[in-house]
Amino acid sequence: MDQLSVGEDLFATLTVVGLLCLFIAALMHSYHLYAERMNAYESFDQALNIAEDIKNRVLTASPGSIDLTTNKLEDYSKLLAREGIELRVEVRTLGGEVLLAYGPEQKPLEGYFSPPCSVSLPVAVARDQRSAQLCELVVWVGK
Amino acid sequence: MDERGVGYIADMLVFALLISFASLFLAGASPIDPKIESTRYAASFAQSTLLALQHSTADEFGGFEYQLSAFGFELNVPVIWKSAKRDLRYKTLAQLLVEDALLNLHVEAGGIELEMLRPNQSMESRLREFLKEVLDKLIGGRFGYRLTVKTLPMELNFSRVYFETEIKNFDDMTQQKLCSETIISTLPISQEELARLIQGVFGISTSELEPDIAVEITLELWSP
């Protein structure tokens, strides 16, 4: 039976364990990146569906223009909350002035595995029967 | 070092190599084709932009006006300056495009474009500049864009009457087209009025005129 040589075999074992740990950490990080990307695609898809829904159904005043009323948005937000989706909606002018803000502010660095995702679409906000203001609808979706 | 120790290290190095390959594969792998997502977003963005153009007035962007011209010169004579000015700030951007198409129809005979007296000629270039500013604010930075406005050509007695204009923010055709969305509008005058206009201005008989002359407004979005 071979004798254990403390100096050399222990060094070899530590090197091997160290290397193994390093590579397993790299593998986990890669998996995290993959899962994050997958999650980002799903969140973006969901955010786009919600933004289209808000533009075409929830806030719509006439085909192609929206109204800045929050009561319908409240109901819609409650429906999403039941499915565990947190919603924030902003309507901004092209100059950056916020005309409507609804829902808790989303922090982009919040949530390691599912950071909030946002989508923006151009919309016309009805002012009176004849004119509408060109704005941007921004929808954040978080979980 | 013991031979067994060397053997362990060699085994582990092979194992580490396998893990590295797996990590690289995962890091490079994409769960969903990103092109599909960007195309879907671009299509939704283009539809929303076209709808917004139908509702927003020129007033939103500081108004739109131009001078009537004669033989290519703007009528800047003090006496008639005011009456030669057309202020169209109350019109929507889509209405302006359709009106431009109506007032600046081109006539081609035997493949050669005929120069006609068009008092609203300056509207075409002014509107292109005006809309470019609007579209740069709305789309620029996110996508490359090309907005084309055209009528279906009317073939009348060996001549062809049409309108076509284009506004874009890129020249590099190596960019990738993401989507193309179109809205169709009709000219805001009756068929009889259009027939009189074409006959009066261009001297072409218009018995075969289509019942509705459609104006196609197409917005293409390209990868930035």
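Tutor: Two strands pair if DSSP finds at least two bridges between them. Helices (H or I, at least four residues) and strands (E, at least two) are DSSP runs, numbered from the N terminus. In chain B, strand β5 (residues 106–109) and strand β9 (residues 159–162) run antiparallel and are joined by four bridges.

Student: Before going on, what kind of model is this, and how are its parts labelled?

Tutor: The model is predicted: local features need pLDDT of at least 70 and side-chain atom pairs count only at pLDDT 80 or more, while totals for chains, interfaces and linings use all residues. Residues are numbered from 1 along each chain as its sequence is written, and chains are lettered from A and ligands numbered from 1 in the order in which they are written.

Student: Which residue stands opposite B:His106 in β9(B)?

Tutor: B:Tyr162 does.

Student: What else does β5(B) pair with?

Tutor: Strand β6 (residues 112–114) of chain B, which runs antiparallel to β5(B) and is joined to it by three bridges. Across this pair, B:Val107 faces B:Leu114, and B:Ala109 faces B:Ile112. β5(B) and β6(B) form a hairpin with two residues between them, and B:Gly110 in the turn has a positive phi of about 55 degrees.

Student: Where do these strands sit in their sheet?

Tutor: They belong to an open sheet of four strands in chain B, with the order β6-β5-β9-β8 and antiparallel pairing. β6 and β8 (154–156) of chain B are the edge strands, each pairing on one side only. On average, neighbouring strands of this sheet are turned by 30 degrees against each other, direction ignored.

Student: How do I read two helices that pass each other, such as α3(B) and α4(B)?

Tutor: Look at the axes, which are lines fitted to C-alpha atoms, for helices over the stretch in contact; angles run from 0 to 180 degrees between N-to-C directions. Helix α3 (residues 93–103) and helix α4 (residues 121–138) of chain B have axes that come within 10 Å and cross at roughly 155 degrees. That makes α3(B) roughly antiparallel to α4(B) (angles under 35 degrees count as roughly parallel, over 145 as roughly antiparallel, 65 to 115 as roughly perpendicular and the rest as oblique).

Student: Is the crossing left-handed or right-handed?

Tutor: α3(B) passes α4(B) in a left-handed crossing. A crossing is left-handed if the near helix is turned anticlockwise from the far one by less than a right angle, and right-handed if clockwise.

Student: Which residues make the contact?

Tutor: Two residues are in contact if their C-beta atoms, placed from the backbone, lie within 7 Å. α3(B) supplies B:Leu93, B:Leu96, B:Asp100 and B:Leu103, and α4(B) supplies B:Met123, B:Glu124, B:Leu127, B:Leu131 and B:Val134. By class, this contact has seven nonpolar, no polar and two charged residues. Ala, Val, Leu, Ile, Met, Phe, Trp, Tyr, Cys and Pro count as nonpolar, Asp, Glu, Lys and Arg as charged, and the others, Gly among them, as polar.

Student: How many residues of α3(B) are buried?

Tutor: A residue is buried if 20 or more other C-beta atoms lie within 10 Å of its own, exposed if 12 or fewer, and partly exposed in between. Eight of the 11 residues of α3(B) are buried, so α3(B) is mostly covered. Among them are B:Leu93, B:Leu96 and B:Asp100.

Student: What surrounds B:Ala101?

Tutor: B:Ala101 lies in helix α3 of chain B, and is buried because 25 other C-beta atoms lie within 10 Å. Leaving aside neighbours within four places in sequence, B:Ala101 is in contact with B:Val149, B:Thr151, B:Phe163, B:Leu187 and B:Val215.

Student: What does chain B contain as a whole?

Tutor: Chain B has five helices and 12 strands. Of its 224 residues, 28% count as buried.

Student: And what does chain A contain?

Tutor: Two helices and six strands, with the elements running α-β-β-α-β-β-β-β from the N terminus on. Buried residues make up 27% of the 143 residues in chain A. Its six strands form an open sheet of mixed pairing, in the order β1-β2-β5-β6-β3-β4. The edge strands are β1 (60–62) and β4 (98–102) of chain A. β1(A) pairs with strand β2 (residues 65–66) of chain A in the antiparallel sense over two bridges, and A:Thr60 stands opposite A:Ile66 there.

Student: How many residues does each chain give to the contact between chains A and B?

Tutor: Chain B gives 34 residues and chain A gives 35 residues. On the chain B side, α1 (3–28), α2 (34–55) and α4 each supply at least two residues. That side divides into 17 nonpolar, 11 polar and six charged residues.
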